[in-house]
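Dear colleague,

Please find below the structure I promised to hand over, with its sequence. My notes on what turned up in it follow directly after.

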Amino acid sequence: MFSWLSTDDCRRKDPEVFQTVSEGLKKLYKSKLLPLEEHYRFHKFHSPALEDADFDNKPMVLLVGQYSTGKTTFIRYLMEQDFPGMRIGPEPTTDSFIAVMQGDMEGIIPGNALVVDPKKPFRKLNAFGNAFLNRFVCAQLRNPVLESISVIDTPGILSGEKQRISRGYDFAAVLEWFAERVDRIVLLFDAHKLDISDEFSEVIKALKNHEDKMRVVLNKADQIETQQLMRVYGALMWSLAKIVNTPEVIRVYIGSFWSHPLLIPDNQKLFEAEEQDLFRDIQSLPRNAALRKLNDLIKRARLAKVHAYIISSLKKEMPAVFGKDNKKKELVNNLAKIYGQIEREHQISPGDFPNLKRMQDQLQAQDFSKFQPLKSKLLEVVDDMLAHDIAQLMVLVHQEETQQPVQMVKGGAFEGTLHGPFGRGYGEGAGEGIDDAEWVVARDKPMYDEIFYTLSPVDGKIKGANAKKEMVRSKLPNSVLGRIWKLADIDRDGMLDDEEFALANHLIKVKLEGHELPNELPAHLLPPSKRKVAE
């Protein structure tokens with residue numbers, strides 16, 4: 001059992017006992033944060049109330065991109081299996097939000113049935129109405145990948161004349177709703193069409209507060225030459241910098257995420273390395289899920305506190321009887337000044353405030369007479385949660401991580417390159433010669449022997465100082481050469497014989513060719529005369 005017991009009797013009458021992080025988050029939210037949200041009508045302005053399923057659900061990956069960027073194909077590539085409702089084509093084919101989730105019975109659950117299921121984290125989506133729910137389905141199937149994560153496929157973002165046709169629901173608002181609840185947002189771009197339409201620009205801006213979850217994939221990169229790829233990558237980074245408006249560079253993964261042969265295989269190694277980096281990022285989601293939910297709850301609590309200060313400040317300025325409408329207009333127009341007053345009075349960072357223009361638009365439709373004055377007790381409870389309970393819950397997170405087995409996404413494309421000869425780096429660098437009966441270093445040993453005998457060996461060995469004179473010729477840093485020495489000096493006598501010297505030079509060659517050094521010497525690199533010693 002994971003638990004913490006409070007030692008502060010003044011702060012709590014009864015000690016809290018939580019079985020899991022998920023249970024702790026649910027209890028803290030309902031008992032401490034939800035009352036503040038309800039009192040100041042937080043859900044009318046920002047985000048619907050959280051439910052148990054929001055804390056219990058598996059990590060989710062949201063795919064966003066213009067039509068024909070390969071979103072559906074990307075899911076198919078990850079799972080190595082078709083899913084119900086899947087359509088792939090060069091035209092805008094996916095016209096619905098499709099939640100691809102694990103299920104015993106393969107099939108499709110329509111949106112209206114999906115939002116009444118308490119076990120699914122989608123109940124609050126009913127606020128977007130039938131126009132959205134008719135375009136929202138859940139594709140259920142049995143797949144090893146879906147045992148650890150769920151994937152949300154989205155309609156292709158349109159460009160040109162098509163984007164002027166109304167979808168019937170607020171597309172950007174739906175994506176923002178998902179962005180608050182998912183663990184990873186993957187923006188896909190086609191290497192052949194980097195134009196960012198007005199609708200796509202609006203969507204990226206709606207995801208502005210979730211840059212930490214955002215990853216960018218430049219897809220279909222095998223269809224252009226290396227020189228063009230460099231230009232496309234630069235153009236993409238330039239376009240993103242204008243829209244995302246952050247000083248940090250967003251991580252962009254380059255590749256072709258489908259199971260077809262590469263049209264231009266020149267950059268195959270780059271694509272493989274980028275794919276493995278992206279896969280590792282996605283595979284880490286189950287392990288970090290509890291920490292992500294904890295982080296999102298803290299972010300929500302900070303916003304709820306600021307919202308309470310804004311609403312109570314507006315209430316305080318409203319007249320009791322006459323001139324309410326004129327005063328309301330004045331307050332909305334001067335909202336920036338109110339933000340500044342709250343920031344100075346309560347020492348709040350400007351980054352914690354909601355978007356000014358959006359808040360002004362929402363306030364236009366609100367009845368200020370229904371706003372509540374500042375209730376310090378509710379804010380103190382949230383402050384107490386942030387100062388004490390969250391810290392206690394962090395301890396519980398680390399306990400779960402150490403006591404539970406390591407959770408990773410398995411199956412599908414994630415398994416394809418883990419084992420066997422098609423694993424990354426197999427037969428390359430330090431792995432070269434892994435399947436050969438002959439010691440791979442022996443191929444170049446005659447050349448290394450010539451150098452060895454010029455370094456004044458005594459009793460068949462050269463001292464460290466003499467070996468250093470030769471090894472520094474590689475111009476590798478001393479830290480790298482120190483690692484190579486440690487790997488090559490197998491008998492740990494501070495000297496190298498001819499085989500150990502040849503091994504050291506082989507490892508220098510591996511590093512100079514751009515490969516990583518192993519942490520431990522692989523069995524196939526052990527010199528033949530040393531294999532019994534090592535055993």
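The largest nonpolar core of this predicted model has 49 residues, and those with the most contacts inside it are Phe122, Phe178 and Leu218. A nonpolar core here is a set of buried Ala, Val, Leu, Ile, Met, Phe, Trp, Tyr and Cys residues joined through side-chain atoms within 4.5 Å, where buried means under 20% relative accessible area, exposed over 50% and partly exposed in between, with a 1.4 Å probe and protein chains only. Helix H9, residues 226-244, gives the most to this core, with seven residues; helices (H or I, at least four residues) and strands (E, at least two) are DSSP runs, numbered from the N terminus. Apart from this core lies another, of 44 residues, among them Tyr29, Phe45, Ala308 and Ile310. Phe122 touches, among others, Met60, Met101, Phe136, Ile152, Trp177 and Phe178, not counting residues up to four places away in sequence, contact meaning heavy atoms within 4.5 Å.

Before going further, a word on the basis of these values. Residues are numbered from 1 along each chain as its sequence is written, and side-chain values use heavy atoms, with hydrogens and water left out. Because the model is predicted, local features need pLDDT of at least 70 and side-chain atom pairs count only at pLDDT 80 or more, while totals for chains, interfaces and linings use all residues.

Strand S1 (residues 60-65) pairs in the parallel sense with strand S6 (residues 184-190) over five bridges, and the partner of Gly65 in S6 is Leu188. S1 also pairs with S5 in the parallel sense, over three bridges, with Ser150 of S5 as the bridge partner of Met60. S2 and S5, by contrast, pair in the antiparallel sense over three bridges, and there Ile98 has Asp153 of S5 as its bridge partner. From strand S5 (residues 150-153), Ser150 and Ile152 point one way and Val151 and Asp153 the other, yet all are buried.

In the loop between strand S4 (136-141) and S5 sits Ser148, which is buried, with a relative accessible area of 16%. Not counting residues up to four places away in sequence, Ser148 touches Lys58, Pro59, Pro286, Met408, Val409 and Lys410.

Finally, Gln347, in the loop between helix H13 (335-346) and H14, has a positive phi of about 55° although it is not a glycine, and at 70% relative accessibility Gln347 counts as exposed.

With best regards

Definitions and conventions
Two strands pair if DSSP finds at least two bridges between them.
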